[in-house]
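Please take a look at the model below before reading on. The dialogue that comes after it goes through a few features and how to read them.

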Amino acid sequence: MNDTFLKACRGEKVDYTPVWLMRQAGRYMKEYQEVRAKVDFLTLCKTPELAAKVSLQPIDILDVDAAILFSDILIPVEAMGMPLAFHDKKGPILGDPVRTKAGVDRLVIPDTEDSMPFVLETIRILRQELKVPLIGFSGAPWTLATYIIEGGSSKNFLHTKKMMYQNPGLFKALMEKITATVIEYLSAQIHAGAQAVQLFDSWAGILAPYDYEKIIFPHVKSAVKALKKFDVPVIYFVNDCAGLLKVVKKCGADVIGIDWRVDMAKAAKMLGKNHSIQGNLDPCVLFAPKEHIEDRVKDILFKAETARGHIFNLGHGILPETPVENAIAMVEAVHKYGRRD
Ligand code: CP3
């Protein structure tokens with residue numbers, strides 16, 4: 001197996017900088033669209049043979065160094081008891097948003113084997129097929145809380161922040177339930193064969209550093225600590241991380257994933273030598289001419305040299321409009337200019 005990705009996560013010596021792309025299985029690929037034309041998104045997530053098939057597509061087409069389970073961060077939220085639907089234009093909708101004590105009490109901490117067996121089956125199929133490591137994932141507690149309280153995507157996250165400020169006890173009880181779910185869900189993924197796990201904190205950056213540190217971060221730390229008892233790297237991706245890095249560096253994860261709004265050299269300096277770094281090309285750079293993509297890849301590789309380890313990635317998910325040949329060019333450039341021999 002090609003274990004360059006796992007070595008980089010642990011800060012061990014590698015021959016070249018490994019690379020994968022967040023949301024690498026998706027609509028920018030015609031092979032994905034062909035599968036999606038036949039089934040809706042949730043059916044795709046819940047059909048192990050098909051979910052495994054789309055997870056594998058980018059491995060061959062892009063030649064990336066890691067695979068990620070095909071699923072969605074809202075799958076365990078549905079298992080907690082909220083009705084979930086995806087609409088093409090509006091994104092995810094969760095029925096009956098949780099805003100009261102009765103709502104929090106109604107949520108369950110699901111047993112993954114019982115209520116999401118398809119996730120574990122997808123992992124087992126993938127492990128038989130893959131020659132690169134498989135990453136399992138979950139939303140981070142705060143990002144999941146925003147969907148649970150808002151009932152979907154949001155602009156100002158007012159309902160979520162109102163609960164946080166007006167009813168801190170209830171908010172804490174909700175965060176504890178979500179954190180327990182995240183720990184159980186990722187532990188089950190690791191038992192099924194996931195070789196690394198990533199927590200997506202897509203909405204961390206909408207918080208004031210004060211609130212992030214005092215209210216949210218303790219739950220991140222307890223999730224990471226619980227997962228660290230397994231022998232697999234834990235990656236914590238923090239979107240819009242620039243103002244939070246001083247706190248984030250204390251999370252205990254093996255790898256910290258960063259978005260593109262912070263310069264790699266500055267992030268590497270701030271994060272120190274206790275973690276590897278994953279990132280951080282602006283997904284929109286993949287719309288630039290190939291020469292420019294190469295220049296930007298070289299710049300990030302150079303700036304990440306001071307980090308303990310580097311996994312090249314985008315700073316957030318690849319966009320559906322991205323030309324596939326430009327994603328391929330990016331991976332080629334990382335493999336060419338990231339050689340360390
Ligand atoms: O990275 C991968 O290739 C694995 C698959 C993956 C998906 N969603 C598939 C998906 C992963 C890791 C996710 C995580 C996810 N889902 C996040 C965190 C990462 C991030 O991007 O911030 C979030 C916030 C979600 C919730 C979600 N799922 C939204 C807001 C949407 C709608 C917006 C959109 O991009 O369409 C989804 C749908 C979704 N999840 C799609 C895919 C491939 C598109 C569904 C389709 O095929 O129509």
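This is a predicted model: local features need pLDDT of at least 70, side-chain atom pairs count only at pLDDT 80 or more; totals for chains, interfaces and linings use all residues.

Q: At what angle do helix H4 and helix H8 pack?
A: Helices (H or I, at least four residues) and strands (E, at least two) are DSSP runs, numbered from the N terminus. Axes are lines fitted to C-alpha atoms, for helices over the stretch in contact, and angles run from 0 to 180 degrees between N-to-C directions. Here H4 (residues 48-62) and H8 (residues 117-129) pack at about 50°, with axes 8 Å apart. H4 is therefore oblique to H8; angles under 35 degrees count as roughly parallel, over 145 as roughly antiparallel, 65 to 115 as roughly perpendicular and the rest as oblique.

Q: Which residues of H4 and H8 meet?
A: Contact means heavy atoms within 4.5 Å. From H4 the residues include Pro48, Ala52 and Leu56, and from H8 they include Phe118, Ile125 and Glu129. By class, this contact of H4 with H8 has 7 nonpolar, 2 polar and 3 charged residues (Ala, Val, Leu, Ile, Met, Phe, Trp, Tyr, Cys and Pro count as nonpolar, Asp, Glu, Lys and Arg as charged, and the others, Gly among them, as polar).

Q: How do H9 and H11 cross?
A: The axes of H9 (residues 141-150) and H11 (residues 168-192) come within 9 Å and cross at roughly 120°, which means that H9 is oblique to H11. Among the contact residues are Trp142 and Ile148 of H9, along with Phe171 and Met175 of H11. The contact of H9 with H11 has 11 nonpolar, 1 polar and no charged residues.

Q: How many disulfides does a search of the whole structure find?
A: A disulfide is a covalent bond between the sulfur atoms of two cysteines. The search finds 0 disulfides, counting a pair of cysteine sulfur atoms within 2.5 Å. For Cys284, the closest cysteine sulfur is in Cys241, 17 Å away, so the two are too far apart for a bond.

Q: Is Cys45 buried or exposed?
A: Cys45 counts as buried, at 1% relative accessibility. Buried means under 20% relative accessible area, exposed over 50%, and partly exposed in between (1.4 Å probe, protein chains only). Cys284 is partly exposed, at 44%.

Q: Which peptide bond is cis, and where is a positive phi found?
A: Most residues other than glycine have a negative phi, and most peptide bonds are trans. In this structure a cis peptide bond joins Gly279 and Asn280, with omega about -5°, and Asn280 is in strand S8 (residues 276-281). Arg23, not a glycine, has a positive phi of about 60°. Arg23 lies in the loop between helix H1 (4-10) and helix H2 (30-36) and counts as exposed at 57% relative accessibility. Asp240, also not a glycine, has a positive phi of about 60° and is partly exposed at 33%.

Q: What is Val248 in contact with?
A: Val248 is found in helix H13 and is buried, with a relative accessible area of 0%. Leaving aside neighbours within four places in sequence, Val248 is in contact with Tyr212, Phe217, Tyr236, Val238 and Ile256.

Methods:
Residues are numbered from 1 along each chain as its sequence is written. Side-chain values use heavy atoms; hydrogens and water are left out.
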